[in-house]
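Colleague: Before we look at anything, could you take me through how to read a model of this kind, one feature at a time?
Modeller: Gladly; let us open it and begin with confidence.

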Amino acid sequence: MAIQSPTVDIAAALVRPTVASASRGYWPSVGRRLRRDPVTLVCAGILLLIVLSSIAAPLLGLADPYKTSMIRRLYPLGSPNHLLGTDELGRDMFARLIYGGRLSLFMGVTPVVCALLIGGVLGITAGFVGGKVNMAIMRVMDVFYAFPSVLLAISLSGALGAGTENTLLSLTLVFIPPICRVSESVTTQVRGFDFVDAARASGASALTIVRVHVLGNVLGPILVYATSLISVAIILAAGLSFLGLGVKPPEPEWGLMLNTLRQAIYVNPVLAALPGVMIFITSICFNLMSDGLRTAMDVKA
Amino acid sequence: MSDLLQVRDLHVTFVTPDRTVNAVNGVSFDVRRGETLGILGESGSGKSVTLRSILRLHPEHRTRWGGSIKLEGDEILTMGRGALSDLRGQRVAMIFQEPATAFDPVFTIGHQIAETVRRHTGKGEADSWNRARELLEMVRIPSPAQRLKAYPHEMSGGMRQRAMIALALSCNPSLLLADEPTTALDATVQIQVLLLIRELQREFNVGVIFVTHDIGVAVEVSDRIGVMYAGKIVELAPVEQMVDAPRHPYSRGLLASTVHDGMRGQRLEAIPGAPPDLAEVPTGCSFAPRCKFVQPNCVTRPPDLREMGGSHLVRCVLADAQEAGVAA
Amino acid sequence: MDSLVPVEDRGGPAQPLLLASGLRKHFAVPGGLLGRSGKVVRAVDDLSLSVAKGETLGVVGESGCGKSTVARLLIRLLKPDRGTMVLDGDPVDEPHGITVNELRRQVQMVFQDSYASLNPRLTIGETLAFAPKAHGLPAAEARARVRDLLDKVGLDPANYAERYPHELSGGQRQRVNIARALALRPRLVILDEAVSALDKSVEAQVLNMLVDLKTELGLTYIFISHDLNVVQYLSDRVLVMYLGKIVELGSVEAIYGNPQHPYTRALLSARPSMDPRRRTKEAPIQGDPPNPIDPPSGCRFRTRCPFAEDVCARAEPPLADTGAQAVACHMRIAGSGHSRAAAP
């Protein structure tokens, strides 16, 4: 038989008051995890440095990156007035590297952003609508996918001609199919979840459902993939310039610089490798940050 | 019959950078050959963790163990890798809830069972395949010779579960661990598998520990039932006593709130609240916040497991009081 | 759109709230050349049912029987290949009737609790406000509606409206699922395995709540579950499905007290015994529920039926009235040719 007692009070005292916690939403928690990841922070710092210096290049009091000098060609590193030496036409390497960052970064990020917009919209539409629309979009993408990206970039550039705008166009076209594919696959997965069905069952329009329910859940993986493409884009842009299909001289651009400094390998190999080092550092930083973003987003919460 | 398995004061804690979870907080029980111990509990009760600890299946770097688990006298918690590897599959076997994940999808069923037989008993190729076919027959899979060549995805859920049982019994283990093996099965298949397990247990004289959240299932297969809550056993009794006269308020609440025929039209007696957060160690009885018989001394110290007579163990101050003849 | 007042009753108590006739849904199995393998999953075949106002219709069956497909057809998340639906006298998705959107104002669904039943990126409040806002309710009123809904399902709005699904327990999430279904003030709520994923102690709480809500809000339920005991507890009438077809239909007393179809009997005796002294000795039927791809000819249950005869393979038994219930079995149809059937 139960011993009567003030059960309600004891029970009430034992129930821990639920703390109205600060927003533990998804994106804030992703931000928190990113801030705690040392690798991501270091890479972000380096990239910030490169980007800021590129943007602020005219204000940094650098030498003129276009000014040639036949006397002062291929000066080694550490020369007076030329911290990183001079290139094959006597231009200051340090200035050219910093100014080169402008074009190289621009050529890396812009195609990815454009492809993200176009490929993302196509992929999400294909994934959400399904059926014939999906087939139509994805099979067209498959055609492009059949070509290796480098080959596709080269052929497109070759067809369009050299130059910055054409390079941007061809790179964008190269990146649309993979982004579209990733978007479609993630959207199809989210589309199958019950909460999307519940949203459909509530009678909301497709656009509203995509905006409120789908986007928040697919943007993450798509962004991770897109940021990993930036490093590829930088390398591809540099490669195209190296082959003469991209940026035209005398513009400073890391890939182009690698091309024009080819002969200098015999004279000053370190100098000739410098643009490559910049490509490497930038590219790997984007890559590691993209990894960090993926890890930060990968928590089931 | 001597004890096959002896678990004493088992503690299992999972440690991660974010939090510490006290999954099992002092569990003790014995299992003999030829008997089935049913462990009944809801999610978060620690029943699966207890079971998996017997085979030390948890990741070593995140898990802290305390207490002792002895199989036929050998201490499992301090066993070396080699001895543990021999133990798994041979002396102790386990069947899981999701048979699809227990089998490798790229090999046939026959191959996997024969492989296990060969590895643990050293039989030759032909002998192992024969044994595999015998085992499939034993678990009532129709056309066993053909099924040996089937891949896991080609079989239905019930078939896969039987194949998993065959795999588990292939090396004549002395102890069989079953972690909710019928939860994902349809009703008509579930009863077939339960009867099969009962029958095979008699035939092989194995000890079985059957973890489930379904009272009906526990009653069908068990000789004794242990009810777990928040990482502890709160009641342990022979199945008839557990069903006729449960003593612990949680067990009684569980039985009262389980829907079965005859309850139509009546309001269900639900246990209020929800199971506790295992990250915190309570000062008193873990069930106190939800207990309708709670008293002041329930929260001061956790009650011990006491024997009530007829090998019926209860962890509750009320039971203590009744035993002492205090309450009316 | 209107300001979301509940839709009025039109036909009076005698008119069924929902009438479905001849519903059919087949799915093409992918694979093979050009994505077509020629195989078809006959998920629901020629299914007709009616739901009276204020009742709870239980639907039971095992995997592959099509009950979840039926749920999705009734709320038009899937478009039926064939068949019609009438909601309180108004045909659905036909020229002179109501649109699918209007159907969804009156018929809503509670999903099984799972990781995917609530959007992990939205707060509970945002999830609950979604449907009302999508139908034109202004933000302030939507917020008030959210508070009201949370109250109804026993969750303190001040505490829970700003939380995310992962912070809630299974029982709490399921309450939110129920609240979401009630957001548009529907008349009919379809519960698809709504309590199946919950612990037994929580299940009891939610069942009590469902009963209370039904009385308080004047709802009609279609309760789909594989758990026969829960269906018996909640339902007034029960419908038993097997491989896309109804095999038995009747009041809960008739179905559970005097089951006539061999499959219904098998299902009922497959329930584990709660009495350790009277354990189940033999499984009522052998084998697994078959695949809905290429179901057996004639009566679909004949491959597992202990009473199957030639006539069962030749002809599909229609659902025939036998007094207290309707059964689709040749044994119960006079003159069918089955040895156990009555003479014509």
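**Reading the model step by step**

Modeller: Chain C has a mean pLDDT of 89, with 96% of its residues reaching 70 or more, where pLDDT is the predictor's confidence in each residue, from 0 to 100. For the complex, the predictor gives an ipTM of 0.86 and a pTM of 0.86. This is a predicted model, in which local features need pLDDT of at least 70 and side-chain atom pairs count only at pLDDT 80 or more, while totals for chains, interfaces and linings use all residues. Residues are numbered from 1 along each chain as its sequence is written, and chains are lettered from A and ligands numbered from 1 in the order in which they are written.

Colleague: Into which domains is chain C divided?
Modeller: Domain bounds come from an automatic or database domain assignment. In chain C, domain 1 covers 18-114 + 164-332 and domain 2 covers 123-163, and the C-alpha centres of these two domains of chain C lie 30 Å apart.

Colleague: How many residues of domain 1 of chain C are in contact with domain 2 of chain C?
Modeller: Two residues are in contact if their C-beta atoms, placed from the backbone, lie within 7 Å. By that rule, 14 residues of domain 1 of chain C are in contact with 15 residues of domain 2 of chain C. On the domain 1 side, the elements giving two or more residues are helix H6 (170-182) and helix H7 (200-217) of chain C; helices (H or I, at least four residues) and strands (E, at least two) are DSSP runs, numbered from the N terminus. H6(C) gives the most to that side, with 7 residues.

Colleague: What should I look for in a sheet?
Modeller: Look at which strands pair, meaning that DSSP finds at least two bridges between them. In chain C, 8 strands form an open sheet in the order E6-E7-E8-E3-E9-E10-E12-E11, with mixed pairing. Strand E6 (107-110) and strand E11 (320-321) of chain C stand at its edges, each with a single partner strand, so one side of each is left without a neighbour in the sheet. Within the sheet, strand E9 (residues 237-242) and strand E10 (residues 245-251) of chain C run antiparallel and are joined by 6 bridges; C:Val238 has C:Gly250 in E10(C) as its bridge partner.

Colleague: How many residues of helix H1 of chain C are buried?
Modeller: A residue is buried if 20 or more other C-beta atoms lie within 10 Å of its own, exposed if 12 or fewer, and partly exposed in between, with C-beta atoms placed from the backbone. In helix H1 (residues 67-74) of chain C, 7 of the 8 residues are buried, so the helix is largely enclosed by the rest of the structure. Just after H1(C), C:Arg76 takes a positive phi of about 60°.

Colleague: And how does one read a strand in chain B?
Modeller: In a regular strand the side chains alternate between the two faces of the sheet. From E7(B), B:Leu175, B:Leu177 and B:Asp179 point one way and B:Leu176 and B:Ala178 the other way, and all are buried. Strand E6 (residues 92-95) of chain B pairs with E7(B) in the parallel sense over 4 bridges, and E7(B) pairs with strand E8 (residues 207-212) of chain B, also in the parallel sense, over 5 bridges. B:Asp179 stands opposite B:Val211 in E8(B).
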